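Let's take a walk through this fold, strand by strand and then into its cores. Keep the viewer open as you read.

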Amino acid sequence: MSEKNYWLFKSEPFKFSFEMLKAKGKDGTQWDGVRNYLARNNMRAMQIGDLGFFYHSNEGLEVVGIAEVCALAHHDTTTEDPRWECVDIRYHSPVPKPVTLADVKANPKLEKMALVTSMRLSVQPVTPDEWQEVCRMAGLPKAP
């Protein structure tokens, strides 16, 4: 069995919020509409069971929960263009305390995190150490 990977999914809450993901239930939904090659390639690298922070961009600017990859990369049904793929994700759990972008930027342990260095990228990798640190900041006694 391969080691779990960690990610960060960014969404504007007025378009698709963490609560909307929760409402989708155990089947989840496709993470569609991504039109950036690096973000698409990140999704191609995902495995079922990988976890990702759900980050509200533009409004809130904070990690608000955790999502789980529940389907491997497949064609994005919102376009006929075969270049674009997406994964399906589902609600995993909330975080006790949202972690703001300002909190992340202020933490020297996270200075190389993609959220700081590649802020515009909508689907980002998160290292295991970054995952542990953000989970700690979010008040999770044990990182999932």
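Two strands count as paired here if DSSP finds at least two bridges between them. Strands (E, at least two residues) and helices (H or I, at least four) are DSSP runs, numbered from the N terminus. Before we start, note that this is a predicted model, in which local features need pLDDT of at least 70 and side-chain atom pairs count only at pLDDT 80 or more, while totals for chains, interfaces and linings use all residues. Residues are numbered from 1 along each chain as its sequence is written, and side-chain values use heavy atoms, with hydrogens and water left out.

Start with strand β3, residues 51–56. On one side, β3 runs parallel to strand β1 (residues 6–11), joined to it by six bridges. Serine 11 is the residue that stands opposite histidine 56 of β3. β3 also pairs with strand β4 (residues 62–75), this time in the antiparallel sense and again over six bridges. There, tyrosine 55 faces valine 63 of β4.

How much of β3 is buried? Six of its six residues are, so the strand is largely enclosed by the rest of the structure. Buried means under 20% relative accessible area, exposed means over 50%, and partly exposed is in between (1.4 Å probe, protein chains only). Leu51, Phe53 and Tyr55 point one way from the strand, while Gly52, Phe54 and His56 point the other way.

Zoom in on histidine 56, which lies in β3. With a relative accessibility of 12%, histidine 56 counts as buried. Leaving aside residues up to four places away in sequence, histidine 56 touches Ser11, Pro13, Ser17, Phe18, Leu61, Glu62 and Val64; a contact means heavy atoms within 4.5 Å.

Now follow the chain into the hairpin of β3 and β4, which has five residues between the strands. Asparagine 58 sits in this loop and has a phi near 65°, a positive value in a residue other than glycine. At 56% relative accessibility, asparagine 58 counts as exposed. Leucine 61 is found in the loop between β3 and β4 too, and its phi, near 50°, is also positive in a residue other than glycine. Leucine 61 is partly exposed, at a relative accessible area of 34%.

Next, helix α5, residues 128–137, where Glu130, Trp131, Glu133, Val134, Cys135 and Met137 are buried. The cover over the buried residues of α5 includes β1, β3, β4, β5 (85–100), α3 (101–106) and β6 (123–126). Just after the helix, glycine 139 takes a positive phi of about 85°.

That brings us to the cores. A nonpolar core is a set of buried Ala, Val, Leu, Ile, Met, Phe, Trp, Tyr and Cys residues joined through side-chain atoms within 4.5 Å. The largest one has 22 residues, and Leu8, Phe53, Met113 and Trp131 have the most contacts inside it. β1, β3, β4, β5, α3 and α5 each supply at least two residues of this core, with α5 giving the most, four residues. Apart from this core lies another, of 19 residues, among them Phe9, Trp31, Ala39 and Val69.

Finally, an unreviewed UniProt entry carries the annotation "domain: EVE" over residues 5–137. UniProt positions are given in the numbering used here, feature names are shortened, and annotations may be inferred rather than shown by experiment. The end C-alpha atoms of residues 5–137 lie 19 Å apart, and the span is 26% helix and 36% strand.
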